Amino acid sequence: MRIVCDSAFSERDLIWALSDVGRDFFGLAGLSQMSYRVVRCYLNRGEAVLKCRMDSVDKLRATTTLLTHVAGQPAAAFVVRSSGTIKALTKATGHQ
Amino acid sequence: MKTFVDINVKPPIGEYRVQEQMAKMAGQMGLSVVGVRFPSGIASSEIESSREIFRSRGLDVAVGIDLVPNNRKQLLTQLGALRNKFEIVRVICSDTKIAEVASRDSRVDLISLEHQKSFRSRLSALCNCKSALELEISRLIAPSLKARSESLKALCEEIILAERCDVDIVISSGATNAITLRAPRDMASVFTFLGMPKDVSLKAVSNKPLELIKANRDRLSGNSAGSGVRLVRVKRQ
């Protein structure tokens, strides 16, 4: 996913922001079912690779859409690509 | 490969840097067609410059207008004057009577029921509706939790009613800057969780708005005489 934000943020800020949005929209149960974690974080490019359960991909997409703030600053996020393996993902996006 | 459309992008008038950011981000998000939407009364030079900014990024641009009539007479006057100048016409229905008239007028492409507060008013607007219903993701990206909860409830009702009354749905971002733009597949995912079937939500960000734009372009170019009627001109020798 790519995060567009005018100010700098950390991986922890991103995780908290996604958790807040996921909890508001899906509740604690839905959030825990998503079972996602940040695998790689490229803060200089504003990109992160997230891993989640296969049946929670759409839930995570929806959570990403509803993200409005990261570290208290206005932000937007969108899913660049989803894939089953990190290798295929990095190959498709051209990043290593 | 699917063609994704965001039929409701509201570039801020005169802020060309923000418009360029929006155009750049729209391309990165996988959008092929963008509908730039303006309120009535904007100068055509501003509309053209916005169109050029988005076009320069390789996006196909359709220009639309939002009508906010106060009464039935004003709605019909505005439709008569503006219908043949824009590729998309949306009516923001401030009350039930306007919603009923707008939804049954074939000159209206999209209606918005954001200001309708009751289930009954939404139902009366969507019964025998000839237009498509537009659902904006910006209604969910609201500042307060209470406003978001109210919008969620309203959107769920609109989805149920649209399915019951067999009304087409179009999903858009309603973005006013780069931060409020959203990717089409991501928007479709949100509405899937609000009760829309997955294939319907994907069509709402691709096929449905595209068909609307194509039909209006055909009509505005003079190749179409009405719904399902194509003009074939024969050269006289």
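Modeller: We shall take helix packing, then a strand and its neighbours.

Modeller: This is a predicted model, in which local features need pLDDT of at least 70, side-chain atom pairs count only at pLDDT 80 or more, and totals for chains, interfaces and linings use all residues. Residues are numbered from 1 along each chain as its sequence is written, with chains lettered from A and ligands numbered from 1 in the order in which they are written.

Colleague: At what angle do the axes of H5(B) and H6(B) cross?

Modeller: Two packed helices are described by the angle between their axes and the distance between the axes. Here helix H5 (residues 119-126) and helix H6 (residues 145-164) of chain B have axes that come within 10 Å and cross at roughly 35°; axes are lines fitted to C-alpha atoms over the stretch in contact, with angles from 0 to 180 degrees between N-to-C directions. The crossing of H5(B) and H6(B) is right-handed, that is, the near helix is turned clockwise from the far one by less than a right angle.

Colleague: Is strand E4(B) largely enclosed or open?

Modeller: Strand E4 (residues 88-92) of chain B is largely enclosed by the rest of the structure, because four of its five residues are buried (20 or more other C-beta atoms within 10 Å of the residue's own, C-beta atoms being placed from the backbone).

Colleague: Which strands pair with E4(B)?

Modeller: Strands pair if DSSP finds at least two bridges between them. E3(B) (residues 60-67) pairs with E4(B) in the parallel sense over four bridges, and B:Gly64 stands opposite B:Ile88. E5(B) (residues 110-112) also pairs with E4(B) in the parallel sense, over three bridges.

Methods:
Helix = DSSP H or I, 4+ residues; strand = E, 2+ residues; numbered from the N terminus. Buried ≥ 20, exposed ≤ 12 C-beta atoms within 10 Å, placed from the backbone.
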